[in-house]
Amino acid sequence: MSDLRVTTALPVEPGLCGACRHALVKGTNRGTAYLRCTRAAWDASLDKYPRLPVTGCVGFEPASESPVSDNPVSDSTAQASGAS
Ligand code: SF4
């Protein structure tokens, strides 16, 4: 119930994660916060709880871009059915 989407709650600079659409900041009952990488749920090359600050990441996608999907299967389906 304490899900946050604000990186300002983190005690450290998040680096790339701070601007990534896959980052989720969660608060704790003790007033601290931690960052979880939601992409790690299906991308085994990523850590669920990356060490911050992240300075380079193959999974980075800007949060400002419109989301396509967190499902790589439907992403490839969408690309395959696109007009050419
Ligand atoms: S994909 Fe990379 S940059 Fe984005 S939240 Fe996960 S670890 Fe951070």
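Ala, Val, Leu, Ile, Met, Phe, Trp, Tyr, Cys and Pro count as nonpolar, Asp, Glu, Lys and Arg as charged, and the others, Gly among them, as polar.

Residues are numbered from 1 along each chain as its sequence is written.

**Stop 1: the whole chain.** Helices (H or I, at least four residues) and strands (E, at least two) are DSSP runs, numbered from the N terminus.

**Stop 2: the ligand.** Select its surroundings and 13 residues come up, with Cys 17, Cys 20, Cys 37, Cys 57 and Gly 59 the closest. Being near here means that a residue's C-beta atom, placed from the backbone, lies within 6 Å of the molecule. By class, this shell holds ten nonpolar, two polar and one charged residues.

**Stop 3: the core.** Now pick Cys 17, Cys 20, Ala 23, Leu 35, Cys 37 and Val 54, the six residues of the largest nonpolar core. Such a core is a set of buried Ala, Val, Leu, Ile, Met, Phe, Trp, Tyr and Cys residues joined through C-beta atoms within 7 Å. A residue is buried if 20 or more other C-beta atoms lie within 10 Å of its own, exposed if 12 or fewer, and partly exposed in between, with C-beta atoms placed from the backbone. Buried residues make up 11% of the 84 in the chain.

Stop 4: Go to strand 2 (residues 23-27) and strand 3 (residues 33-37), which pair in the antiparallel sense over five bridges; pairing takes at least two bridges found by DSSP. Which residue of strand 3 stands opposite Lys 26? Tyr 34 does. Between the strands sit five residues, and Gly 31 in this hairpin takes a positive phi near 85°.

**Stop 5: Val 58.** Look in the loop between strand 3 and helix 1 (72-80). Val 58 counts as exposed because 8 other C-beta atoms lie within 10 Å. Leu 46 is twelve residues away in sequence, and 8.5 Å away C-alpha to C-alpha.

**Last stop: confidence.** Colour by pLDDT, the predictor's confidence in each residue, from 0 to 100. The chain averages 79. Strand 3 has the highest mean, 95, and strand 1 (residues 3-4) the lowest, 42. Where pLDDT is low, the predicted coordinates should not be read in detail.

Technical notes
Predicted model: local features only at pLDDT ≥ 70, side-chain atom pairs only at ≥ 80, totals over all residues.
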